[in-house]
Every structure is written in C-alpha cells, then in structure tokens.
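Subject: Model handover and notes

Hi,

Here is the model I promised to pass on to you.

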Amino acid sequence: MSEMMTGALIRSLRRASGYVRLYGADHPLCAEAVAEASRSATDLIGARAGLLIGVADDTLFVDGEAAGLISLQFNSFLREVVAAGIETVILTPPVDPDEIGLLCRLIAGDTESPPEGPSVVVNQAVLARESGESSPAARLRRTYTRSLDALRSFSTSMQDGTAASLDDTASVVKELLERSLANPAAALLLTTVKSHHEYTFYHSVNTSILSLGLARLAGLPEREQVVLGIGSMLHDIGKVGVSRAVLQHPGRLDPDQWSEVRRHPQMGAEAILAAAAPGEELAAVVAFEHHARFDGSGYPRLVYHDGAHDHGHGHRHPLHFFSRLVAVADTYDAITTRRSYRRAEPPSRALQVLVAEAGTAYDPDFVMAFASMMGVYPPGSFLRLDSGLIVMVTAPSEDPTALPEAVAVRDADGNPISAPEPVPYESGDIVEQVAASALDIQPAQILEQLPAR
C-alpha cells in the first residue's frame, strides 16, 4: 500500500464531497475534484484486479492493511464516511468518474442511493483486517483520536452555549499519560502528525503530548500533570470564537483582525473556568497566559500591582509554572507546522528559535529541559549520511553525549525502504538535514512500521 497514493485518494474524496455540500454536484469545481478522485483511485489500484477499502474503529483499511497515519490525518472525514452508512467500498479499474461522483454525493448527504458498480460498489464485502491494531503505536494513535473527539465536543459546547465539562478532556489526558509513559519515543514521534484542515485541534493534542513529556522530566506529580495536560490540551480552545477567515488569513493581520486573535486566551480561559471542577481551575490559567511571554511583553498584558516582578516592560505578573512550560511546547509545535502564511520549519530550527528567545519570550529553564528531552536532532528529523542513506531519527538517546536512534528510510539511490531498519552512524557521517517535504515522507507514517520498544 502506498501511503502517499492512499492520502491522495482520501484527500480528493474529501474535497469533492465538500464541494457537493457547498455548490451542488453539478458545479465545475465538484466535477474537477471528482475527476481527480477517479484518477487517484485508479492509480492506487495499480496493477491489481481491484481494491477493498473500509473503515472500522476510526481506522482506514486498504486491502486489510491499516493506514494508520491517513486514519489520523483524515479522522474527521472518515467519521463523515461512516455517518453516511459506508463501511466498505470495492474499487475496480478503470474507476468511473460518475460512480465516484455518486459516492461523494452519498458522503455529502446529497443522495441516499449508493453506487452499485461496476467500478464502485458500496457495502457488498466484509472488511478484512490484518493483525497489528493492538500494537502500542496503534493504541497511542487511537488515544490521539479520542483527544480530538474531546476537543471537538468542548468546542461544540462553546459554540452552542451549552454546559460543558472537562471530564472527557481529563480522561484522555490520563490515557495520554499512560500511553506516552509506556512508549515516550513513539509519543514524541506522533506529535509530527499535522492537519491543515483542523490545525487547532491537532496542534492542541501535540502541545499536550509535548507538555506532558516535559512535565514528567520536571518531576511534577501525576495529579498536577493531569491538570497541566488539560490546560495544554485546551490552551487554544478560545480560537473557536475567532473567525476562520482571520485564522487562515495568508498575510499580515490588520489591527481589527489582530484584536480578534488577541481575545482568544481570555475566551478560552472563561470557557474552561465555566466547565472546571474544583482543582481544575489552573487549566484556565494556562489558556489565559500561554501568549503572555516570560518577560511580560506578550498578550494579554498582565499587571502585578505590588511591582514584585519586573522584566523591563513595566510591572508584570509572574506567569504560572504551568504556563511557562506549555508556552515552550506550544511554540515548538507551531513552528514545525505549515500554516496558511508560512512554511513548516524543521525541528532543529524550532529549537534554535526557543534557545534564541530563552529569557525573553520563554523560561530559559524550560527551554533547556525541552532541548534535553528532544535532543540535538529531535524525533522526526531526517538526515542524509555520507553513504547516501536517508535516515529518520526515531528517539532521543538516553546518553546525552550519544547520537539519537535512527532508521533508514531511503537507500543510497533514493528508493523508499519498505521495512525501516535501525542504522548505526557517527556524527561525522551526517552530511545534512533534509526537510520532510523534500522527501514526501511524513515522520509519523514510519511510526507503526517500527518494532515495539
């Protein structure tokens, strides 16, 4: 199975069904997206006689093989597919655009009539699933999915004005704690999962995983880790109240747009406080302070009236321990994620930014601890060796003087390696770091191919 081709098919189906909802099935944009989906399906089938795809337990299966990363990246869309009553689809080449168009209309709720072939057949086969979904990596992925659900539920409550609870968020934070403690390297690697479609939610889960790792390193008791985890999970929830047009604006924000963005810490904190049970209130502090900056120069501007904390920008309130910790994790994930107004930076660049602004924007102690946790080459970094091999860093070394663990993902000729293998290497072997985008590899897609630790 090709992850890239599978992703292209699911992406084009999502686009086409979205256009059906927005413009109707006869719109030219819809026809163009349907034609692309038809081509993607035919390409994915390749030389095979046909292909069975299906969804079960939030996981996409292609001829029985779990597409873990695709399942996570397109989680929301796969939910739409299941909600439309679609469990399996048999694709037979050449895939007819009209039949794909009918499938997209079914997903969009524009028709109740499924395609019946000959190239697209719905729900006429039993989903075959290979073993492996009980692996630690798969369990961690499902916990990530449940975290997304908790965020969606909380944001819906905010938008509807209905009473919310932090119970679901606390539950998934405890689960993340358990899963990441059992396999910390896999947890760090999973934070390389990104979604342009639901940036805020995926960014929030990644920030929570990174914050929990840093909290463990700092020695916080588990009870405090849970509250910090809730705060980091919901630190950006106030963006639910910011218009999509502003959040996805490709250029510099005008004063009114910037004013709208700057309100999200307060809106998030208010929502968390309204939902918090006794002992959970500190989660709201994290949301309120995560952009305030260590030196008090960020937003909102926090005035400490007795003047006991002055960083040269007037008298500011000292940020809470949790807020200073989460700000480091928040910035790291934001810098390594592509946005509408800038490209994603490599992990090493994100660490450089944190180090450069330690003592001003960020607490220098937490920056140092975070750099120690991630290593010189953080998990998900790609390195080209003098042998020509491309390797991906999978885990920081337990010995700070040693290089991190890595697996080979491309051979000397640039061909993908189907089963990534551990590679011994020395510092002098490294020629350069390579951007994931240049390789068309997403680090998290390697995660479930790695042997259990």
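Let me start with one of the helices. In H13, the buried residues are His-264, Pro-265, Gly-268, Ala-269, Ala-271, Ile-272 and Ala-275, where buried means under 20% relative accessible area, exposed over 50% and partly exposed in between (1.4 Å probe, protein chains only). Seen down the axis of H13, these buried residues fall within an arc of 165 degrees, so they line one face of the helix; the arc is that of the directions from the helix axis to the C-beta atoms. Helices (H or I, at least four residues) and strands (E, at least two) are DSSP runs, numbered from the N terminus.

A word on conventions. This is a predicted model, in which local features need pLDDT of at least 70 and side-chain atom pairs count only at pLDDT 80 or more, while totals for chains, interfaces and linings use all residues. Residues are numbered from 1 along each chain as its sequence is written, and side-chain values use heavy atoms, with hydrogens and water left out.

Back to H13, which covers residues 264-275: its twelve residues reach 17 Å from the first C-alpha to the last, close to the 16 Å expected at 1.5 Å a residue. That expected span is 1.5 Å times one less than the number of residues. The cover over the buried residues of H13 includes helix H6 (136-160), helix H12 (255-261) and helix H14 (282-289), with contact meaning heavy atoms within 4.5 Å.

H10 is mostly covered, with nine of its twelve residues buried; among them are Gln-225, Val-227, Ile-230 and Met-233. What covers them includes H6, helix H7 (167-182), helix H9 (199-218), H14 and H15.

Now to the packing. In soluble globular proteins, nonpolar side chains tend to be buried together. A nonpolar core here is a set of buried Ala, Val, Leu, Ile, Met, Phe, Trp, Tyr and Cys residues joined through side-chain atoms within 4.5 Å. The largest such core has 49 residues, and Tyr-144 and Ile-272 have the most contacts inside it. H6 gives the most to this core, with seven residues. Leaving aside its neighbours within four places in sequence, Tyr-144 is in contact with Leu-72, Leu-190, Val-193, Tyr-202, Val-205, Asn-206 and Ile-209. A second, separate core of 35 residues includes Leu-9, Leu-13, Cys-30 and Ile-70.

Cys-30 is buried, at 2% relative accessible area, and Cys-104 is buried at 0%.

On to the strands. Five of them form an open sheet in the order S3-S2-S1-S4-S5, with antiparallel pairing; two strands pair if DSSP finds at least two bridges between them. S3 and strand S5 (120-122) are the edge strands, each pairing on one side only. S2 and S3 pair over two bridges, and Phe-61 stands opposite Ala-66 in S3. Elsewhere, strand S8 (residues 405-410) and strand S9 (residues 416-422) pair in the antiparallel sense over three bridges, with Ala-408 opposite Glu-421 in S9. Their hairpin has five residues between the strands, and Gly-414 takes a positive phi near 90 degrees there.

- Pro-93 and Pro-94 are joined by a cis peptide bond, with omega about -15 degrees; Pro-94 is in the loop between strand S4 (88-91) and helix H5 (97-108).
- The peptide bond from Tyr-299 to Pro-300 is also cis, with omega near -10 degrees, and Pro-300 is found in the loop between H14 and helix H15 (321-335).
- Asp-63 is not a glycine, yet has a positive phi of about 50 degrees; it sits in the loop between strand S2 (59-62) and strand S3 (65-66) and is partly exposed, at 36% relative accessible area.
- Arg-293, again not a glycine, has a positive phi of about 70 degrees; it lies in the loop between H14 and H15 and counts as partly exposed at 31% relative accessibility.

Best wishes
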